[in-house]
Amino acid sequence: MHAYNRLPSSGHSSPSTPSSPRSRSPRLRSSSNSGGGGGGSGGGRVKPSARFTSGQQPPRTLANCITGAILSVLVRRQGIFLFAPLLYIAGILFYMGTVPFDVVPIIRHRPAPGSVYRSPQLYDKLRPEMNSDNSTADAISTIWKNSYRGGEWRPCINKSSGEIPESNGYLYIEANGGLNQQRTSICNAVAVAGFLNATLVIPHFHFHSIWRDPSKFGEIYDEDFFVKTLANDVRVVDKIPDYIMQRFGYNMSNVYNFKIKAWSSISYYRDTVHPKLLEEKLIRISPFANRLSFDAPPAVQRLRCLANYEALRFSNPILSLGETLVSRMKERSANNSGKYISVHLRYEEDMVAFSCCMYDGGEEEKRDMDAARERGWKGKFTKPGRVIRPGAIRINGKCPLTPLEVGLMLRGMGFDKVTSIYLASGKIYDSERHMKPLLEMFPLLQTKEMLASPEELGPFQNYSSRMAAIDYTVCLHSEVFVTTQGGNFPHFLLGHRRYLYGGHSRTIRPDKRKLALLYDNPNIGWKSFKRQMLSIRAHSDSKGIEIKRPNDSIYSFPCPDCMCRTNRTEDSRSSSVT
């Protein structure tokens, strides 16, 4: 091995230095070779391609020159970060040149949540699994199994035993609205009359343009029972004495009429109404619905309790038919030990129209709803600038549930085809189409028209308040009550059922916002849907017993003003005796 000689000797070539990075590029190496510089043909360099003759350069296009110049600058100046955006834009422009602009892509937007009524499609999807599901236990017998953990309550309204002081004058009120709004007026009138030590005249029912029921007090309620029950607390008469009416020319329009603000406090009646009563001996308050605040002293609340839960009883014809229908429902529920579900369904034409919600009836439905809105609320919904968003209304839980949606909810809660259901409702809009899926899910469903003969219903047929009173009676005695929409009907039933069933309402109150999202979800499966429904059912059970808060209605929350906690020691003692 020879030592490495650092100095060149004559006649011998020295070892060549490593080529620079620039000369390693095939393109640059080719250029230098073709130029013949730096070592000639015998220096071990790669010869030009055979396609070209010696000394001839390969042809270069303008694009080659530009590209080579750019790469050279980028490599030498390391300006990659400066020119990268330009190169990116150039690439995009080149690509766009290959896309035909006569083809416009179609972008399909999914409708906003709630804007489309999807429940029929969901029903078609869930129906096979729903019908084959046999995993549910006896739901109607076990639904309230955890409801009384905090103890039960019992009615404890104290009645006066002493005589009533001499009257300060007469109170005449006009009760407006439907059956249960009128009930509010009656109970509040009893409370105000007792507080003012006034004699209450049997309330006059104002004829309502929507309800169109001319019934009088005694045709809906047992008037004699009402007067007798209140005898030791409030004087009640059926008419104003002649010597009083003579002063006003026997014309009630001449009597001073108080226009009282809604939810006025009892102190307003003491400071403003009472002096006028002492002066005139007869005062009139019209209208009177919701003219007394929910929060009041115990003495006033006691009179409200006494009026609502004890003194107001339906007239004998209504009570008799209502109890007959209760017996028939229990007979048809023999497979569930006489237990049945009652559902308050608000899917009448006027209710659907007022909600401004859209369903699946197309143009015909739109025409019907526009006409109904104009009949009932002329101009209210067509005012300039008023914007109606049906999708937002549905997502906010304000749309009436359809019969199909009620059926899906109840099947998801574990109630099967052999469950008896009483449907409390007016005339269902487009009933043949909308009721079909509900009857498929619950073939044992009944209404008052199905339970009673035409002869039995005849005397009540043209009176909406009397028909509502029959529904109220059957719903009151059901094992489960289901409310699907707000209003005075469920408002009073909640409290009345609590008063009868140890403080528990035994009522399912669904979260309609949650329901709206579930019914709008086309991907939900039966197991997931059922799990959500059972959660709503359990929540209703946990909220069965609730204590009244300051601004709650005593007609929905009778505890603790109208009811007392049951002494558990007394319960165990009484059960051991029996």
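Student: What volume does the second largest pocket have?
Tutor: This is a predicted model, where local features need pLDDT of at least 70, side-chain atom pairs count only at pLDDT 80 or more, and totals for chains, interfaces and linings use all residues. Residues are numbered from 1 along each chain as its sequence is written, and side-chain values use heavy atoms, leaving out hydrogens and water. On a 1 Å grid over the protein atoms alone, a pocket is an open set of points with protein on both sides within 12 Å along at least five of seven lines, while a cavity is a set where a 1.4 Å probe fits but cannot get out; lining residues have an atom within 4 Å of a point. With points joined across faces, edges and corners, and volume taken as the space filled by probe spheres set on them, the second largest pocket comes to about 500 Å³.

Student: Which helix gives the largest share of that pocket's lining?
Tutor: Helices here are DSSP runs (H or I, at least four residues), numbered from the N terminus. Helix 21 (488-500), helix 22 and helix 23 (526-542) each supply at least two lining residues of the second largest pocket. The largest share, three residues, belongs to helix 21.

Student: How many of the pocket's lining residues are polar?
Tutor: The lining of the second largest pocket has 21 residues, with T483, Q485, G486, R509 and P510 nearest its centre. Ala, Val, Leu, Ile, Met, Phe, Trp, Tyr, Cys and Pro count as nonpolar, Asp, Glu, Lys and Arg as charged, and the others, Gly among them, as polar. On that basis four are nonpolar and six charged, and the polar ones number 11.

Student: Which helix supplies the largest share of the lining of the largest cavity?
Tutor: Its lining includes Y359, R394, E405 and K512. By class, the lining of the largest cavity has seven nonpolar, one polar and four charged residues. Four lining residues, the largest share, come from helix 22 (residues 512-519).

Student: Over which residues does pLDDT stay under 50, with 15 contacts beyond four places in sequence?
Tutor: pLDDT is the predictor's confidence in each residue, from 0 to 100, and the protein averages 85, with 81% of residues scoring at least 70. A contact means heavy atoms within 4.5 Å; residues 569-578, also under 50, have one beyond four places in sequence. The stretch with 15 is residues 1-55.
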